[in-house]
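Here's a quick tour of one model, going from a loop residue to the ligand site and then out to a few other spots. Have the structure open while you read.

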Amino acid sequence: MLKKIHHVGVVVPSLDAGLRFWRDTLGLHLTASATIEEQGVRAALLKAGDSEIELLEPLDAGNAVGKFLARHGGGLHHVCFQTDDVARELEAARAKGIQLIDQKPRRGLAGMICFLHPKATRGVLVEYAQPPGE
Ligand code: CMX
């Protein structure tokens, strides 16, 4: 079951500059940050009530997030739904013929995650996440 919006992903040119606005100006609490080499990003999660904002800085201008930054100058990148069983949600999406990016869940900053292709949703990149402890 998709329980709630876990986070909204936002691409920023620089994580430090992003934190200056989202953490220091808006006052959101930083809960986690990491470099995720296999995704080619530095990422940070900031708590906003029951949900979070995930800031993403590309490590390389040529990767997918780097191309997004070059094309749009940053901004809203994806929406992530929380689930208690990411593998089951991924199988359900596959069974419905939804175009997938990930064929199986993998580890991300928000726990075990997978992505659906934006072409399947008419332009919105969707992530499912099963946080640790779910
Ligand atoms: N939202 C909506 N559409 C997007 C998009 C996004 N965030 N990023 C790219 N697209 C669209 C482009 O507009 C383009 O559309 P058209 O073909 O209509 O022009 C198409 O996808 C291809 O764009 P691209 O720049 O050539 O990008 P790629 O195909 O290399 O990659 C995507 C696109 C979605 C497959 C890739 O971004 C991906 O695999 N994303 C999932 C992983 C990810 O985003 N990781 C970072 C976050 C990590 C984390 O949260 O842990």
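Does Arg122 count as buried or exposed? With a relative accessibility of 82%, Arg122 counts as exposed. The cut-offs here are under 20% relative accessible area for buried, over 50% for exposed, and partly exposed in between, using a 1.4 Å probe and protein chains only. Arg122 sits in the loop between S7 and S8, where helices (H or I, at least four residues) and strands (E, at least two) are DSSP runs numbered from the N terminus. Its phi is positive, about 55 degrees, although Arg122 is not a glycine.

A word on the ground rules. This is a predicted model, in which local features need pLDDT of at least 70 and side-chain atom pairs count only at pLDDT 80 or more, while totals for chains, interfaces and linings use all residues. Residues are numbered from 1 along each chain as its sequence is written, and side-chain values use heavy atoms, with hydrogens and water left out.

**The ligand site**

The ligand takes up the space of the largest pocket. A pocket, on a 1 Å grid over the protein atoms alone, is an open set of points where a 1.4 Å probe fits, with protein on both sides within 12 Å along at least five of seven lines. A molecule sits in one if more than half of its atoms lie within 2 Å of its grid points.

There are 19 residues around the ligand, and Gln39, Glu54, Lys67, His77 and Lys119 come nearest; to be near, a residue needs one of its heavy atoms within 4 Å of the molecule. Which elements each supply at least two residues of this shell? They are strand S4 (51-58), helix H2 (64-72), strand S5 (75-83), strand S7 (111-116) and strand S8 (125-130). H2 gives the largest share, five residues.

| Side chain | Ligand atom | Distance |
|---|---|---|
| Gln39 | nitrogen | 2.5 Å |
| Lys67 | oxygen | 2.9 Å |
| Lys119 | oxygen | 2.9 Å |

On its own the ligand has 960 Å² of accessible area, and the protein covers 70% of that. Accessible areas come from the Shrake-Rupley method with a 1.4 Å probe, and for residues only the protein chains shown count as cover.

**Glu57 and Arg42**

Back to strand S4, which holds Glu57. Glu57 is buried, at a relative accessible area of 15%. Arg42, in strand S3 (residues 41-48), is 15 residues from Glu57 in sequence, and their C-alpha atoms are 5.1 Å apart in space. Arg42 is partly exposed, with a relative accessible area of 28%. In the other direction, Glu57 and Gly74 are 17 residues apart along the chain, with 9.1 Å between their C-alpha atoms.

**Around H3 and S6**

Next up is helix H3 (86-95) and the loop that runs from there to S6, where Lys104 lies. Lys104 counts as exposed at 63% relative accessibility. From Lys104 to Val86 is 18 residues in sequence and 9.1 Å in space, C-alpha to C-alpha. Arg94, in helix H3, is partly exposed at 33% relative accessibility. Its C-alpha atom lies 20 Å from that of Gly111, 17 residues away along the chain.

Arg106 belongs to strand S6 (residues 106-108) and counts as buried, with 18% relative accessibility. Its side chain makes a polar contact of 2.9 Å with the side chain of Asp102.

**An aromatic pair**

Rings of Phe, Tyr and Trp (its six-membered ring) pair if their centres lie within 6.5 Å; planes under 30 degrees apart are stacked, over 60 edge-to-face, and the rest tilted. By this rule there is one aromatic pair. The ring centres of Phe21 and Trp22 are 5.5 Å apart and the planes are at 90 degrees, so the pair is edge-to-face. Phe21 itself is partly exposed, with a relative accessible area of 40%.

How values were computed
Polar contact = N/O pair within 3.5 Å; in protein donor to acceptor, adjacent residues only side chain to side chain. 1 Å grid on protein atoms, 1.4 Å probe; cavity = no way out; pocket = protein on both sides within 12 Å on 5 of 7 lines; lining within 4 Å.
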